[in-house]
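Hi,

Here is the structure I promised to pass on. Have a look, then read my notes below.

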Amino acid sequence: MKNPFAFLKKHVDHLLNSASAVPATLKEYIRFRREWKKIAPSLPAGDGHPVLVVPGMISGDFYFHTFRKLIAEKGYKVYGWKQGVNMGLSKKVSEGLGTRLEEIFKENGGQKITVIGHSLGGIYARELSREYPEMVRDVISMGSPFGGAVSETPDMLKKIFNFFSGNPALFDPELDQRGLTPPSMPATSIFSKKDVIIKWQNCLNPAAPATDNIEITASHMGIPFHPPTLVAIFDRLAQKEGAWQPFDSKPYNGVAQFPAKPQSADLPANPGWVENAAAPKRLFRQPPKAP
């Protein structure tokens, strides 16, 4: 290790930033509860299609109870992931999340699903959509560093994640290239420059067809309960399948404010990752069982 003091400082700073985000998140949630009733009537009603919500690291369905409830109130069929607390890509999660998607797909008569994920859950959501394109309508990530999941995660944190999950597949060296390459269906990334836990630059989609980047102003854990986040999500959910258009904030000027979108020149290059058909490295879709 070249500079152990710099290494230690980096991790101490990360822990302090994470701790400092807690009071900010509580304030955001209180403000959200106060403002939501004024905003909700301005948002489009749903068409009833299924929505799967995937939680971030050290979080679970309990944290997104209100989030799912609000989406259901607008007319969607909303599902939790039912994998407990997200402690990393364990074998249980790797096998269970794909099965969960298949169950929802069958329960809804083959109707495609919108998959929404927060933080690490957004990385799962993108890879799930890539591996099950016939079942996923579109994917929305919130504060998800899919462009730096491997390269930007310190080795110490990788060891911690692997200790809990027992599955190092999440840190496969190719994951950054795969994660940054947009999936085949519409992909929206919601990010915040106020996020002190992850680098917002790693949350940006490349300039590609049916991809979008929507900036909001919230803490990392507060993103799901930030009114502009919900405004953007309901706008995306209300689009007709096959009729995707980039997000336009103008219709919502009276209820939410959005910073200007990043310019194409400021977006990362599209790696154009293509799955190796001879040896696919999938995270969720299990190979067919031998007869």
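Strand β4 (136-142) runs parallel to strand β5 (residues 187-192), and 4 bridges join the two. One of those pairings links I140 with T188 in β5. Helices (H or I, at least four residues) and strands (E, at least two) are DSSP runs, numbered from the N terminus, and two strands pair if DSSP finds at least two bridges between them.

Before going on: this is a predicted model, where local features need pLDDT of at least 70, side-chain atom pairs count only at pLDDT 80 or more, and totals for chains, interfaces and linings use all residues. Residues are numbered from 1 along each chain as its sequence is written, and side-chain values use heavy atoms, with hydrogens and water left out.

Zooming out, 6 strands make an open sheet in the order β2-β1-β3-β4-β5-β6, with parallel pairing. At the edges sit β2 (77-79) and β6 (211-216), each pairing on one side only.

Helix α4 lies across β1, β3, β4 and β5, at about 150° to β3. Such angles run from 0 to 180 degrees between N-to-C directions, with axes fitted to C-alpha atoms, for helices over the stretch in contact (heavy atoms within 4.5 Å).

Now back to β4, which holds S141. Is S141 buried or exposed? It's buried, because its relative accessible area is 0%; the cut-offs are under 20% for buried, over 50% for exposed and partly exposed in between (1.4 Å probe, protein chains only). Leaving aside neighbours within four places in sequence, S141 contacts G117, G122, F146, T188, S189 and I190.

Cheers
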